[in-house]
Structure formats: structure tokens, C-alpha cells
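Here is a short report on how this structure is packed. Read it with the model in view.

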Amino acid sequence: MAASLAFRAGTIELRGVARDRAGVPAALAWDDRAACFRAPAIAYASVIAALRGAAIEVDDDVRRDDELASGARVHREPRFFQAEAVGAWRAAEGRGMVVLPTGAGKTHVAVMAIDAVRRSTLVVAPTLDLVRQWYDLLRATFAVPVGVVGGGDHDVQPITVTTYDSAYLHMEHLGARFGLVVFDECHHLPGPTYALAARLSVAPFRLGLTATPERADGREAELEALLGPTVYRRDIGELAGEYLADYETVQVDVELLPDERAEHDAERALYLAFVAKNGIRLGSPRGFGEFVMRSAQSMEGRRAMRAYRRQRELAFAASGKLAYVEHLLDRHRDDRALLFTQDNATAYRVARRFLVPVITHQTKVTERSDILAGFAAGKYAAIVTSKVLNEGVDVQEANVAVVLSGSGSVREHVQRLGRILRKRDGKHAVLYELVTSRTAETGTSERRREHDAYR
Amino acid sequence: MLTADHVDARRKGGELVLRRLDARGLAEAHELAEAYLAAARSHVGRTREELTEAWKEIGTRAPKRKLAAGIEKLVDDACGFDADDDLDPIAIRRAIFLRATEARRARGDAKPFDRDAVVAEVAASTGRTAAELDAALFADLRGEHVLRAAPASTASMIVEAYELGQAQAVLLRAVRVTCEIESASPGAMRAFFNQLKFHRLLFTVSRKDDAGFTIAIDGPFSMFESVTKYGLRLALVLPALRLLERWSLVADVRWGKEREALVFRMSSGSARPNEAPPPPHLADEVRALLDGLESLHAGGSPWQAAVATTLLDHPGLGVCIPDLVLRHRDGADPVYVEVLGFWSRDAVWRRIELAEQGLGARIVFCASSRLRVSAEVLADEAPAALYVFKGKPSARALLERVDRVASASLVSAPEGPYAPAPCTSSSPEPRAGSAKPSPAST
């Protein structure tokens, strides 16, 4: 019986080769459960090379990807760094990561890569908003069918766009169908679940795109094994002005009203007293997790958790902040402003109070598209959102960002700034960060501003 | 289904141990389920947010927070919510937000933006009141959904689901499950293996002493990395495992944010070491066939029939679980019988393929003529036969096939230690194949 190599559920199976056959590549391990050799799909290219080296002939039935019927039908002159990035990626045999600041046109790098390779391509993006944006762009650029997997769709086409969640769920079926996989915002990839989206795929060509590969948990080192090395990198300072809009950042300190201050301080004292009583060190990496655990174990703890939430809520949505939002909405009523909040409740409160369109994960795709189109056309002067517009979504016209509240994440803050940096003639962008004085938010703000973009 | 957040467990050494509900806990769980169900029944026609607020009160007062959260989740899952479709919130939002943008741009610097005036203006243009529009502005949000139907479940059903749900929620974090099974019911065993196949899980089977099988279950990628990707499928298999008479389960789980490697155990619980297993569950047609064979044996037939407790597997091809075993009085190899009845034609073809590849045992498959298959698909000299029956299978007609199959040579098993090896769980049956672990797959 001739030896055969096939794709099975995110792995490749070698059958028809005796278990004790010499020269079987080390990546292939004997699988007792199915009486065959097996390797993770990501090892496909190295397995093929090793089988050839060992002169083991196989019927290779693994790959199901096709050559694209045609390349890009729209060609835009690339900026010098986009051309350099694609050149570096091709020189690395079509594997690796390109790091460019938000607004620099990473998407165009991917379009050029797809056009260069011309194989069936899967684009993986973190949110449905980005999936929709990729879908629109790829349909406008390529004459081949473009499909979507995720958000209720399951349409696999020569070029397909999906989310990280769907890629994790479906790659064991889709893993052989694409020659190129593009991981947009690829800093999401390391980790026990999403990484499987890369490991269960045989794609020999892989491209990662991000502005901020660094992760708080340091797992960015895994990206090289999943995608390939960083083949090209330009930071925000190298491109600001000429390729990104000029910008300034303005920090606005807001005081709590006297009754808010009294309630805030009382709740905070109650929460901190519980922390102290239980010997919890909030500064340690596990400190907050310990607080969550301990607070669930008693009525006193549950009260402390409620106090923690309330003092946070008062800081996030202080009435002084909302009054300042009113001022900013008036001041920038002829601009395009994005208002960012830490939580959905605040986003909806702002939307209801100021009658500004809101986009959260609960907003349906059709309404999101309508709001974004209205914003682009100038029918809306502002959009309020919690986190769903943090990444990648192309709101080219936006020139004002207002951060009402957020986490201490440097990446989140840089991404939010990036939303307003898309270059346009005469554009000057401004980011306002509203911080409630003498609350925990002061420290949060300091942590998230630890980036060159804010210095 | 419950999630890992709902699990009430403690670490004991390297083990994760569920806190079982004692009598007091059960009473509390019933009380909570009654309270959550009663709140749901009294909130039909009101919003999810209102119901959640009412439930929050119940949860805050409950001594066991996780128990309350789990019961709430199960009651919530059983509720029927729907958006109020009297007004179209998306259209209302669009009209109001567009008008608000225009109003803000059009006003002079001295005049403040008047939110209520904008809402009133749009309301007037749609023939509604401002209050109605304000109420409908985000009526499509999850929290604004209206409870249309309260659960039909009783408190007892919710508590039962809670106990199963705890174990399933742990298995969501499992990277591998090993089961030990002592079951005499071929139908239940078959259903269990069908579940493994349906969920595309892989397994290895080995004989455990003379009393059953050990089955290690995980997924294709598991041999390279301990992943929880197959956890949901492992959890979904649990109900089929619970239908077997005696079983135990050991799961390797990755628990908590740190994904700590722990072991989780559970079992049918009722069995004691010297207790005889419960009688097997047999399908009606199998029971009738067994009765017929016993009558023939009493009338002088050399073949004695019994319920089979054997599993025949062929790595990479599948598993065959016979219903009956027939032993000849002269001590020859047994002949197995699997009644496929009115199953699908595919099932018959899969059995034929297994037989052609070599199951390492003699076997007769019984299939209904309604499946439109022919007995001739298997060669006369094969150690397997297909008995196609009309109506009900006949014991006498079956024995004719058994006699023929008994005289056939066994198909050689593939070379090497991974040859198909029937695993025999009861001592009276001869142990075909080696005693080594016998790999199998779906």
C-alpha cells in the first residue's frame, strides 16, 4: 500500500508506513489511537521536506488550497514602508510579522501579500467590525469570491475572513484550505486557545500584522513559532507627520462633586479596610484575584466588592466628566469625535444623555455599518463606544478622541490614539483623556500613558 | 450549561473535588430553585433587567453564592426572552441621533443643547410621546428583552441539572478523560461509542482485568499538547456515560486562571466491589432473539446464547459491539451477533468494511430487509455473515449463518502489536487477541 499523507482535524496523518520504518521525520509521532503517524498541521512544510530528504514517497493529499483565479484588480501605489515590509516578508519565504503603527496602512501590506502569493487566503481579525471592514476591502480589491466565517455566517471562499474565536473553533476543518493565513492584530495570537488557530493550519505562508506585539504576559515570544520572525518594524515616531496625522494629547483632570467625593471616599475606605484586614497585597500580581476570591466568601466580602465597584463607577462616570463631555461635543460639533469608555453601561449612559450614536458588542452589524457610514459622511459628529472600536476599525475621518475611562493597558490607549491618526490633508488630531483626580484612576492613567506616543 | 465559574470545588492535593450537596445543601438548592422560578413566573411580561435585579436580591441573601449563581444560570437558560417589537429601536435611535447632531450644529453658542426638545420633536413627527420614544430608545438591548415564558421545569429538575452541570462544567476544562466501564448493555455501550464518534473524539481501549474496559479519550491534537479544545465534547459525552451500569471517570483538567493541572474523578457511585452489576438493558428484538435461541438450545441445538460483553475494535476503522455471543458445546471459537435491525444502510456498510478488514472474531450481522442490503455482499468463506431478515429476526435462520461462519477461517489481523484485538470483559468468553492495550479509534 502506498504511503499517504492527509489532513485530519488540525493534524496531518501519515498512513501506510510501518511504525518501525527508519527515516520517518521526528515531527511525526506514532498515534496508538488510530494506528498511524501524526504531526500538528503547522509542521506540514517541515514534514514534507523531511520525507523527501528520507526518500519516503507519499501521496500528498493534505493541501486543499488553490491558486487565486486572478490577482488584485485595484492597485494602489504603496508607501515606501509598505513596499519594504512586503519585500522583507517575501524574503523570509512568506512567513513573519510586520509591525507598523495604527493608521500606517497595515491592511494594504496584507493586500500586497495576498496579491504576491495568489493562493487561497484566510484573514483572521479580532472583532466582527474588523471582519466586516476586511470583507468590504477584499471584495473591492479582488475579483475572486470573498466569504465570511463567524457572526452567524459560514461561507468559505477562496478568500475568507473570520474572527479569532471562529478560527479557533473551525480551523480543524479549514486548516488545509488556505495557503496563506493573515493574522490581523496578531498580538492576540499567543495564548492557549487562539494559538491553536495557527497550529491547526497547514498554511505555508503566514503574515502577522500589529502595531503593538508586546503583551503584558510576555508571550509575544511565541509569535515566531506560530507565524515566523518580525520581518519589518516601524514605530509611530518614524512616521508621524508625513504618514500619520499630527496630533496632540490633552489630559483633563476633573474633580468629583462634594457628595460624590464623600461617597467615593467612604466606599473606597470600606473596600481598602477589607483588603487590609485580609492581608491582601493589591500591588502583587495575584492581589486582585485574591480580593475577588475572598470577597465571595462572606457577606462582608460581598459588601467590599460592591464598595470597590461603586468607587470605581464614581471615578469612571463622575458628573464633572460628563459635563466636560458636553463641552467637548459642542466644541467639536463640526469635527468627528470618538468617545471611549471602559464599560458598556457608561457608553449607553452617554448615548442616552447626549443623544450620540453608540457602538458596543451588542450593536448589530447593519446598525454598526449605518453608524460608521453616517459618521464618515458627516451626518454624525460623534460616536460613543466602549472597546469595540479600540482596534483596527477604519474611521478615517475621526480627528478627536475622548477617553472618558479605560483600563491601564498601554496597548488599549495607543490603539485608541491610533483611531484618529489616519492621515488627511490639513488634519490635526487631538486626544483628550479625562481623569478623575484623587481616585484610583490617576494611577491607571499614568500606567497607560507609558508609551513613546504620549511623551 | 454551567461554566467553570459556577463550579463549587476544592483542591485536595492534586485533585479537584466537587463539593457535593449534602441533605442541607440539597434543601437549600431546592429552596433557591423555587425562589428563582417563582421570581421568573412573576416577571413574565417584564424586562430581563428587572428580573435580574429581583434575582440579584435572592443571590445576595443566599449563604452559598456559587450555588445561587449556578441555579440562576440554569433557570435563566430555561426562560424565554424576546425583544418588544412594538417599536423599532434602531429606527428610533437613527432618527433621534441624526436630529440631535443637526440641532447641536445649528444652535448658537449662547443656546445650550436641549436634549429633551430633540426627543420631543422626533416623537411628534412619529405620532408618539417623548416618554414612549425614550423608553424604546434601547429596548432591543439584552437587558431590555421581555420575559415571554417562565421555565416549565420544576425545582427538582433544576437541582438535578445543577448536579450534572457541575461535573460537565469541570469537563469543559479537561484535556483528557479516562473511563473504566463495566457494562453489560450493548445498546448503552454502543450509544456511548456513537457519542465519541459523533463528537470526533479519539480513544484507546484496553481490557481491565476480567471486569471491563479502560477507555482513554481525547482529540487528534492532544498527543502534541494538552489542550482544552475538546473539553466541550468531553462534557457532552458525560450523559451517555452515565447511562451505563457501572463506570468511573478520571479527567485531567487545567483549572483556574493559572491552568493548574489537576485530576477530577467521578463514578456511577452505586457499585460496591462484590456487588453484581445490574441486569443488562436489551432491545426488544435482541431479547426476542435470545429467547428464541435459548428455546432451540433447550431443544437440542449445540449453540448456547448469552448477552455479549465484548468489544471488537479495529484501529482507525471503528468499533463493533456485539449484542450476543454463541458458544458451541464442543468448545470452538464463539460467534458473535450484532443486531443492526432498522439502522441506516451506512451502519451496515461500515460493519461490512470492518469485517472485510478483519475484526479478529467471527460475527453475524442482522439487518432488516428494509435497509435494502444483500447478504451476498460478504463472501461465503468470510468469517462474517449478513443475515437479512423480514419483519423480525428468526433464531433458526440465524443459526444457519452461525454454522457457516463457525467453519470459516479468521481473517488475519494486520501485522504488529496494534492489530485489532477483541477485548473480552467476562471470563467465560475466550480472550481473543493479545492482552496488550488495544488501540481503537472512531
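## The nonpolar cores

The largest nonpolar core has 216 residues, and those that touch the most other members are Val98(A), Leu339(A), Val402(A) and Val364(B). A nonpolar core is a set of buried Ala, Val, Leu, Ile, Met, Phe, Trp, Tyr and Cys residues joined through C-beta atoms within 7 Å. Buried means that 20 or more other C-beta atoms lie within 10 Å of the residue's own; exposed means 12 or fewer, partly exposed in between, with C-beta atoms placed from the backbone. Helix H3 of chain A (residues 106–117) gives the most to this core, with seven residues. Another core, of 20 residues, lies apart from it and includes Ala29(B), Ala39(B), Trp55(B) and Leu67(B).

The model is predicted: local features need pLDDT of at least 70, side-chain atom pairs count only at pLDDT 80 or more, and totals for chains, interfaces and linings use all residues. Residues are numbered from 1 along each chain as its sequence is written, while chains are lettered from A and ligands numbered from 1 in the order in which they are written.

## Around Val98(A)

Val98(A) touches Ala85(A), Trp89(A), Lys106(A), Val109(A), Leu207(A), Leu209(A), Val231(A) and Tyr232(A), not counting residues up to four places away in sequence. Contact means C-beta atoms, placed from the backbone, within 7 Å.

## Two helix pairs in chain B

Helices (H or I, at least four residues) and strands (E, at least two) are DSSP runs, numbered from the N terminus. In chain B, H4 (residues 89–106) and H5 (residues 115–126) pack at about 130 degrees, with axes 9 Å apart. Axes are lines fitted to C-alpha atoms, for helices over the stretch in contact, and angles run from 0 to 180 degrees between N-to-C directions. H4(B) is therefore oblique to H5(B). Angles under 35 degrees count as roughly parallel, over 145 as roughly antiparallel, 65 to 115 as roughly perpendicular and the rest as oblique. The residues of this contact are seven nonpolar, no polar and two charged.

H8 (residues 186–198) and H9 (residues 231–242) of chain B pack at about 170 degrees, with axes 8 Å apart. H8(B) is therefore roughly antiparallel to H9(B). Ala191(B), Phe192(B), Gln195(B) and Leu196(B) of H8(B) make the contact with Val237(B), Ala240(B) and Leu241(B) of H9(B).

## Where the chains meet

The contact takes 37 residues from chain B and 36 from chain A. On the chain B side, H4(B) supplies the largest share, ten residues. That side divides into 20 nonpolar, six polar and eleven charged residues. Ala, Val, Leu, Ile, Met, Phe, Trp, Tyr, Cys and Pro count as nonpolar, Asp, Glu, Lys and Arg as charged, and the others, Gly among them, as polar.

Note on methods: Contact = placed C-beta atoms within 7 Å.
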